[in-house]
Amino acid sequence: MAKRIDVSGLNIFYGSFKAVEDVSMTIEPRSVTAFIGPSGCGKSTFLRALNRMHEVLPGARVEGKVAMDGQDLYGSGVDPVQVRREIGMVFQRPNPFPTMSIAENVLAGMRLNNKRMNKKAATEIVERSLRGANLWNEVKDRLERPGSGLSGGQQQRLCIARAIAVEPQVLLMDEPCSALDPISTLAIEDLIAELKEQYTIVIVTHNMQQAARVSDATGFFNLAAQGKPGRLIEMDSTQKIFSNPSEKSTEDYITGRFG
Ligand SMILES: Nc1ncnc2c1ncn2[C@@H]1O[C@H](COP(=O)(O)OP(=O)(O)OP(=O)(O)O)[C@@H](O)[C@H]1O
């Protein structure tokens, strides 16, 4: 349940505005890849292009190639809904469906995919997904209560449980800890370390310590100037990026000289 992603020559547009220019990279399976860079350099835009979420906005489009284990995700005949099932996403703010129970939240993605399941199968998926998200022990006695009754950190783990319930290949996380307190943040970071055994994980983070703690590879994005597109400046092992980056702008960014 983990696949490689190869991106080549990706340009990403909002109408006539080119937000991201000419990005090529390989994202390895069973590892965590972090994207860092100053605000507005296109990290989230690039992340959303990986599972074809970008194109849901009117006028938004991409040029170039994104392949998962060699399959062109933007090829003709590829169903974007299927792409989003295989490449799941967790957002900045925990967004459980507020009126649904904890169990129904876990199953929400399956229901959207019109998966038929009997009660026993549903019960198993709920338990497996909540265990996978390190939430089971905290909620097993209140599965029928609303998801909105959980703490922020628990809600984010519920969203991760919802994302893994459909058994994706890849998990995209857009600043998954930015709305969380430090303890919940550590719980999510521990969870990311466990999930990478099974999934390809890509995380956008503003927190450089977090990128250094959780990721195996790091990509640094930057803008040449305001109004210009964001570009991938450098991508390498996290250890190299944080100890001996090749580009001066990477070093300036990670040492806090800008951004
Ligand atoms: N829906 C949108 N419509 C038009 N332009 C957008 C839209 N979303 C983002 N942009 C623009 O695309 C560029 C990249 O934005 P994006 O949010 O991807 O950057 P980011 O690096 O993730 O920033 P941050 O770190 O602040 O979240 C910015 O210039 C932004 O204003």
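User: What makes the shell around the ligand divide into nonpolar, polar and charged residues?

Analyst: The shell residues divide into five nonpolar, seven polar and one charged, where Ala, Val, Leu, Ile, Met, Phe, Trp, Tyr, Cys and Pro count as nonpolar, Asp, Glu, Lys and Arg as charged, and the others, Gly among them, as polar. This is a predicted model, in which local features need pLDDT of at least 70 and side-chain atom pairs count only at pLDDT 80 or more, while totals for chains, interfaces and linings use all residues. Residues are numbered from 1 along each chain as its sequence is written.

User: Which of the 13 residues around the ligand come nearest?

Analyst: Tyr14, Ala19, Ser39, Ser44 and Thr45 do, a residue being near a molecule if its C-beta atom, placed from the backbone, lies within 6 Å of it. Helix α1 (43-50) gives the most to this shell, with three residues.

User: Why are β1 and β2 called paired?

Analyst: Pairing requires that DSSP find at least two bridges between two strands (E runs of at least two residues, numbered from the N terminus); seven bridges join β1 (residues 5-14) to β2 (residues 17-27), which run antiparallel, so the two strands pair.

User: How do you know that the span of α7 agrees with that of a helix?

Analyst: The expected span is 1.5 Å times one less than the number of residues; for the 14 residues of α7 (residues 182-195) this should be 20 Å, and the end C-alpha atoms are 20 Å apart, which agrees.

How values were computed:
Helices (H or I, at least four residues) and strands (E, at least two) are DSSP runs, numbered from the N terminus.
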